[in-house]
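Visitor: I am new to this structure. Please take me through one part of it closely, the place where two chains meet.

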2 protein chains.
Amino acid sequence: MPRVPARPEPTVAAVGEFALIERLRRLVPATGPDVVRGIGDDTAVVRLSGQVLATCDVQVEGVHFTRDLCTPADIGWRALAVNLSDIAAMGGAPRYALISLLLPPEMPVSTLDGVYAGLAEIASAYDVIVVGGNVSRTSGPFAIDVALLGETRRVLGRAGARPGDGVWVTGSVGKAAAGLFLLRHPEVHVPHAGDLMAAYRRPVPRIEVGQALAGMEAVSAMIDTSDGTASDLLHLADASGVGARLDLDRLPLAAGIASAARAAGRDATAWALGGGEDYELLFTAAAAFETSTADLGRTLGVSVTRIGDILRPEDGRWIAGRGGSRVPLVPTGWDHFRDTEGQGGP
Amino acid sequence: MPRVPARPEPTVAAVGEFALIERLRRLVPATGPDVVRGIGDDTAVVRLSGQVLATCDVQVEGVHFTRDLCTPADIGWRALAVNLSDIAAMGGAPRYALISLLLPPEMPVSTLDGVYAGLAEIASAYDVIVVGGNVSRTSGPFAIDVALLGETRRVLGRAGARPGDGVWVTGSVGKAAAGLFLLRHPEVHVPHAGDLMAAYRRPVPRIEVGQALAGMEAVSAMIDTSDGTASDLLHLADASGVGARLDLDRLPLAAGIASAARAAGRDATAWALGGGEDYELLFTAAAAFETSTADLGRTLGVSVTRIGDILRPEDGRWIAGRGGSRVPLVPTGWDHFRDTEGQGGP
């Protein structure tokens, strides 16, 4: 029998700009009670009230993800997740997204469909409506830039930490870095590998927890751990004008990280300090907060761990290590230009 | 005397992500009475009221601009102008912008400073505050993606045109295409060349006119001429579910276009129909509007020209050409993937 030649997959160039927009519009319908105009006009029109949160973050192929480690749906999930995490870090409720796509002409439309499947999944999970966007050709890598709008009553930002406050973090840290290592080394088998890889590919933004924390008077400042625990604590300390001590032995490591680090020949605390991309919430709180931790665990199923203390500016910023050692707290996270993955820590 | 070697210009990679953000923050200060939090937190926090307009549009080097035809400041101007034009097309008032930059590591920081100078100039001219953004490295071309928020009372979109309405356009059309030709052919000298080239490099969004038109009950639908007069009239007719006739001889051509077209060996009406990037407002209005045109000219200094009529759906969409000829109205504008510059028209 003659072989049927494989039909080439249609590319985004073959589909063309306007048909592509129509296709994407069907994958994420822009409808909701407060959407006055969705996709298809010169701008979207939405109703928002009170203080509006606005943020944007881009995912670029080869910089933030690679297609051998992430499925198209993972890419779509991450593109919105990193923005959701920024809304979470302000204690806000996400509402509307704009999606800007830079597409290599030869990109298969099926890949874009996959990206939008992941995007639609996380948008639906967090009640986000995609109300607009644009597509453009590029001679460079595929990129997806998301602008996200939200609402909040209290503005809980990076400034506000006071000496004497505790430094806390939700969940566990270093898991995305461990997951990335495991994705790059499929020959390594460790317990909980699936959870660690999922932490990298499908980060879960802490929207509910962020809102709960913003509702507590004792909580004084907040940031998400996108750059790495050390870098992000420094960002918060800079904005608040305070010193800080990070207790190395208190860093909550997810199950499996120690085994993965041994297999990688690295120190798990280096991932925990500098890995970044965990999208947990790092926050500061006065002593009264201690009594709320059990409640948070029971109602939202999330653990919070005290990992240090806010100090007076003159007391500096440092890490309390093993056996009473003391090392400076320095940025060890991700810089998009220097491309140095966090290898910090003592 | 020994020659002093040229000092290499610092690149964005040498400056690094966080120093770059701090540098850009100084170039466009995010302050204003309704800015609760500007650049430096996980998200911006702004106060907006009523119906919020949200749009985004990207400019990619090699697709939307080239550095031999545009200065860095032109690129910054255009990046915001195209978004302002979308707000204008909805009759809105622009308020806040988020800027997402994709930067090749070897890009000189001085180029980025220039881009931001142009961006700051147009932002200041239209009371837009840059409240946030992000920077990322890319292995591809330089790109600047802008998300713009605005406010409006009346929502005047593409849908709403009724049979019997006139089709109108502000200013003149085809000038950006003529300007682009002249920029590419510096050996061609025609009168008004400077104005035509400026129309391409520094498009002027019709914010005030858009708001004035949205305040008039007779005006029924609106769009900006970003894709080209023919394409944009079709978009409007599609959204409104109507037919349309475009009167070729009524198209308002800017001074100098005819001479430039002769030098180019083209038909000026092809530029006017398909050129795109003019960022004029194309709108439809009931007969009562005729009496307002003199007022618009006097108070806002803008001319408006009736270029056709809205028809019943069954009467089709066509161009009334010279000597009673009749040709179908088809898209002749810009498709970002097909890369066909408008050459349409009879």
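Visitor: How many residue pairs are in polar contact across the interface of chain A and chain B?

Guide: The rule finds 16 residue pairs in polar contact across the interface of chain A and chain B, both residues at pLDDT 80 or more. A polar contact is a pair of N or O atoms within 3.5 Å; within protein, one must be able to donate a hydrogen and the other to accept it, and residues adjacent in sequence count only if both atoms are side-chain atoms.

First, some ground rules. This is a predicted model: local features need pLDDT of at least 70, side-chain atom pairs count only at pLDDT 80 or more, and totals for chains, interfaces and linings use all residues. Residues are numbered from 1 along each chain as its sequence is written, chains are lettered from A and ligands numbered from 1 in the order in which they are written, and side-chain values use heavy atoms, leaving out hydrogens and water.

Now the side of chain A that touches chain B. Strand β3 (residues 51–60) of chain A supplies its largest share, nine residues. Strands (E, at least two residues) are DSSP runs, as are helices (H or I, at least four), numbered from the N terminus. By type, the residues on this side are 35 nonpolar, 17 polar and 15 charged. Here Ala, Val, Leu, Ile, Met, Phe, Trp, Tyr, Cys and Pro count as nonpolar, Asp, Glu, Lys and Arg as charged, and the others, Gly among them, as polar.

Next, the extent of the meeting. In chain A, 67 residues are in contact (heavy atoms within 4.5 Å) with 67 residues of chain B. The area buried between the two chains is about 5500 Å². Carbon and sulfur atoms give 56% of that area. Buried area is the accessible area (1.4 Å probe) that two parts lose on being put together, summed over both.

Charges meet here too. Chain A and chain B share two salt bridges. A salt bridge is a side-chain nitrogen of Lys or Arg within 4 Å of a carboxyl oxygen of Asp or Glu. One of them joins the side chains of D42(A) and R158(B), at 3.3 Å from N to O. Over all chains, the whole structure has 52 salt bridges.

Strands also cross between the chains. Strand β2 (residues 44–47) of chain A runs antiparallel to strand β3 (residues 51–60) of chain B, and four bridges join them. Two strands pair if DSSP finds at least two bridges between them. Look at A44(A): its bridge partner in β3(B) is A54(B).
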